Amino acid sequence: MQKRTRILIGLGFSALVIVLALLILAYHLSTRSFPTATGSLKVRGIVRPVAIERDQFGVPHIFAESSVDAWFAAGFVQAQDRMWQMDLLRRAGEGRLAEILGREALPIDRMFRTLGLRDLAEQTVRFLDAETRTALEAFARGVNAALEEQRGRYAIEFDMLGFEPDPWEPRHTLLLAKLMAWELNTSRWVDITYGYIAQHFGERRARDLYPDWPAAAPTVLPARQTLSAFLQADAAYRRFFGPSDDGSGSNGWVIAPSKSVTGNAVLANDPHLIFTAPARWYEMHLSSPDFDVIGASIPGVPFVVIGRNRHIAWGMTSAMIDDVDYYVEETDSVEFPTHYRLNDRWVPIRMRTDTILVKDNPPVILTTYHTHRGPVINRIEPAAEPSDRLLSMKWVAGEPSLEVRAIMNLNRARNWREFRSALEDFSAPAQNFLYADAEGNIGYVTGGKIPRRPSPQFSSPYPGWNDRNDWTGFVPFEQNPSAYNPPQGFIVTANNKIVAGDYPYYLSSNWEPPWRAERIVELLGRDGAKTLEDHQRIQLDVLSPQARVLIPEILKAYESVGAANDDVRTALNYFRNWDFQMREESVAGSLFEAFLVEAIHNTFADELGPLLTSLYDTLSSKPMTAITNLLQRDSSDWFDDVRTPASETKTGIITKSLARAVERLRAMLGGELKEWRWGKIHTVEFGHIFGRNQFLRRLFNVGPLSVGGSHATVWKGDYRLKEPFLNHLGPSMRLIVDMADVNNTRIVVPPGQSGHLFHRNYDNQIPLWRNGAYKQQPMDREKVEEREHQLLILRPE
């Protein structure tokens, strides 16, 4: 054997040994942080013993003798399972990520310190009533008791970054509520992007790209400034954490007993968020003499956010309310402003200087500016390119609010009146709240503050040098859209338009496409009472109404034009025989989605250019809606390619896009066209923040996995146009509540309950989720104990 060969073999063996040693070390560091789930622990902060019974998926059923002890135990188990996630989100909201992640996270810290979420949380603490304060303090004591019990064996992420978590405080829970409001606020992107496009192309053509709600589609209820730093910072946050602002949505519906085989009301809900590891939701059951509630919480929150108690159930979808406006401010100086003009006065601008600590780097000084409306958002980078005006932002969540109290009161509400009363405290992010109760009633309320604007339609950004476009308060809660026991026997909300045009206040122009709502209404409207299995099938439905309207347009275009090659002819044959189901094995589904990507590019990119195209893709449902509408017209200015002397037509766009779609798929998949199945390219990966490193990605991320669905299906399978066809967003949880049986709630939360790498519950709900299966959430203690479970008793020290 040659010496060089021996050296290479030796190096390869050494590398293998090093990799194995690192994996063994990672396994040791991970497993030592696994939570104590059996036996007995003495803890400070409770009055009476608390029983924590974890089922085979790690979901805690907490049985306490007082509400305070139950909230304490909620903090204890969440910290056991998800402290890394809780700490990371807390740091993001406070603008303290750069302390542990370095300069890469600095734009995110600048953005959130400019928004002032930490200050808002601290201000909200002063508004808390005694009971809400008691709950948050008990939860914080529970978190800190778990930190004390786990000292020296925290989650592996803490070891890898070399720091320990700070104690939890009530303000941190309030901070997470503000952070969620920011994540679910899509209006900030629509206003900015629409403003850019309208400035370049005018209002009429901008409306083509942001179309209004179709007149025939179902409603829930019948009847240019310099912003590069702000946009880049928000994009960086989305890359780190994958929040749901780029094409989010959810499905939810309730049906009356007359429509249900169970003889009582049924509620179904599947919130659509970016897929992450750990999961965005945390399942738990809290039982005390004061309340008995089960469902899904958010790590860092002591209450069940979506779920049921023994009297009512509730679910949520994003209401898509326009809760942000921008104002162009006139200041005495752009570089160093001290005053801004309002009507005939010069008003002092509020200035704050902050210090951001950066790992392995000197501290960074940040100066933020605020008007009476809110923060100036185009000055978060000192080196941001100069602009002649500053832009301030008015946001519903930009003031103290009590969403946590609303959720706490939902947890123990017993009827419609108490449900509505709880939601009076809910400000942002505005949600469509669905309701069902054990008496067979169903209902709906828009929960959240709706701004009262002088202008009845979208037109932000506004001139800020007068107050003519300032909000005049909020719509009184009793005038928020609402329904109770409607005659049709069901209510559907899928981020569709909430009310018809006769509602007296402007709500939004930012609705999701009508496809999911249309399909759910179609399936619920079919004859016959629905079983729980019927509701499961609806949540798993992958028929594309978008394909159902566009495939005839594609086939019609080829009636007068020949196919370019054999692959295109074969693709057309697949379309002719397609049932519009976006299943994993569908070849027609691959061809159709590739066609859409090419059609959007061929229609818009020549005029939008790289910057606007990138901004437009931020809300991926918008270009999907726009191209669907345009391809149902005979002509449009957008079809013409301004870079050529010819005048391109709809037929030309269709034939060019299908030919290029085939070329794209051949380059991606090769082989025979009949093997180009949708699941080969439409994959999902539950991303961990460490997954940005290619070596760590294999350890921390879950996937990639083949999945069906698309933008247009009930089983939502979104992808970004700049990253086709990676499914980044979809059902983060599926929930079906049977009000006839407290032990028959069905749920699945991918990837799993645990946040600990190598734990069996880190990803063991993935098979259920992918295969359309559910697990039961019993409430009766004897039912819980009939199943495999682990028992931990917390005893007062």
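Predicted model: local features only at pLDDT ≥ 70, side-chain atom pairs only at ≥ 80, totals over all residues.

**Exercise 1. The largest cavity**

Task: Give the volume of the largest cavity, and state which residues are closest to its centre.

Solution. The largest cavity holds about 470 Å³ of space. Its lining comprises 32 residues, of which Met 180, Leu 184, Ile 298, Val 305 and Pro 429 are the closest to the centre. Elements that give two or more residues to this lining include helix H2 (67–94), strand E4 (249–255) and helix H11 (403–412). Helix H8 gives the most, with five residues. By residue class, the lining divides into 20 nonpolar, nine polar and three charged residues.

**Exercise 2. Aromatic pairs**

Task: Classify the ring pair of Trp 71 and Phe 303, then that of Trp 471 and Phe 474.

Solution. The search of the whole structure finds 30 aromatic pairs. For Trp 71 and Phe 303, the ring centres are 6.0 Å apart and the planes stand at 90°; since planes over 60 degrees apart count as edge-to-face, the pair is edge-to-face. Trp 71 is buried, because its relative accessible area of 3% is under 20%. Phe 303 is likewise buried, at 0%.

For Trp 471 and Phe 474, the centres are 6.1 Å apart and the planes lie at 70°, so this pair is edge-to-face. Trp 471 is buried at 12% relative accessible area, whereas Phe 474, at 24%, counts as partly exposed.

**Exercise 3. Charges over rings**

Task: Which ring does Arg 373 lie over, and which ring has the charged end of Lys 775 over it?

Solution. Arg 373 lies over the face of Tyr 327, 4.3 Å from the ring centre. The charged end of Lys 775 sits over the ring of Phe 57, at 5.4 Å from its centre.

Terms used: Residues numbered from 1 in each chain as written. Heavy atoms only, no water. 1 Å grid on protein atoms, 1.4 Å probe; cavity = no way out; pocket = protein on both sides within 12 Å on 5 of 7 lines; lining within 4 Å. Points joined across faces, edges and corners; volume = space filled by probe spheres on them. Helix = DSSP H or I, 4+ residues; strand = E, 2+ residues; numbered from the N terminus. Nonpolar A, V, L, I, M, F, W, Y, C, P; charged D, E, K, R; others polar. Phe/Tyr/Trp six-rings, centres within 6.5 Å; stacked < 30°, edge-to-face > 60°. Buried < 20%, exposed > 50% of the residue type's maximum accessible area, 1.4 Å probe, protein only. Lys NZ or Arg CZ within 6 Å of the ring centre and 35° of its normal.
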